[in-house]
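Me: I'm new to reading protein structures. Could you take a close look at one part of this one with me, and show me how it sits in the whole?

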Amino acid sequence: MPDPLHWLGVTKIHNFISMSDMKYNAIVNTGIEIVNRVEIPKDLVPDDAQVEITAKVFHGYNAGKTYQDIDEDELKQTVGREYGYNKDPNAEDKKNIVQD
């Protein structure tokens with residue numbers, strides 16, 4: 001990952017916007033300075049993405065102070081969008097039929 005940055009002559013990144021420690025470490029270990037790791041504010045993460053971001057933070061991704069208190073209980077309580085896979089697929093069609 002850092003190779004293109006070195007090719008472009010990057011020696012310092014003022015605002016690094018990534019939760020990935022792997023990317024961060026790869027960049028820093030090659031001598032590029034990162035001044036500030038920008039946290040992703042909770043209000044900018046859509047409800048549909050809460051499951052993914054909670055799981056990533058729980059398994060070691062860096063999210064700063066915003067998500068620092070995620071534990072196994074909170075991980076289990078995080079629920080994504082309900083898609084209704086177990087519902088009758090024809091129920092919506094029947095609801096829109098006008099009865100005479």
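This is a predicted model: local features need pLDDT of at least 70, side-chain atom pairs count only at pLDDT 80 or more; totals for chains, interfaces and linings use all residues.

Reply: Happy to! Among contacts between residues at least 6 apart in sequence, 36% join residues at least 24 apart.

Now let's zoom in on Ser-20. You'll find Ser-20 in the loop between strand E1 (12–16) and helix H2 (21–28). Is Ser-20 buried or exposed? Its relative accessibility is 9%, and buried means under 20%, so Ser-20 counts as buried. What does its side chain reach? The side chain of Ser-20 comes to 3.1 Å from the backbone nitrogen of Lys-23. Leaving aside residues up to four places away in sequence, Ser-20 also touches Arg-37 and Tyr-61.

For another view of burial, turn to helix H3, which spans residues 50–58. Its buried residues are Gln-50, Ile-53, Thr-54 and Val-57. These four cover an arc of only 100° around the axis, so they lie on the same side of H3. Here is a handy rule to go with that: an α-helix has 3.6 residues a turn, so residues three or four places apart point the same way.

Conventions: Residues are numbered from 1 along each chain as its sequence is written. Side-chain values use heavy atoms; hydrogens and water are left out. Helices (H or I, at least four residues) and strands (E, at least two) are DSSP runs, numbered from the N terminus. Buried means under 20% relative accessible area, exposed over 50%, partly exposed in between (1.4 Å probe, protein chains only). A polar contact is a pair of N or O atoms within 3.5 Å; within protein, one must be able to donate a hydrogen and the other to accept it, and residues adjacent in sequence count only if both atoms are side-chain atoms. Contact means heavy atoms within 4.5 Å. The arc is that of the directions from the helix axis to the C-beta atoms.
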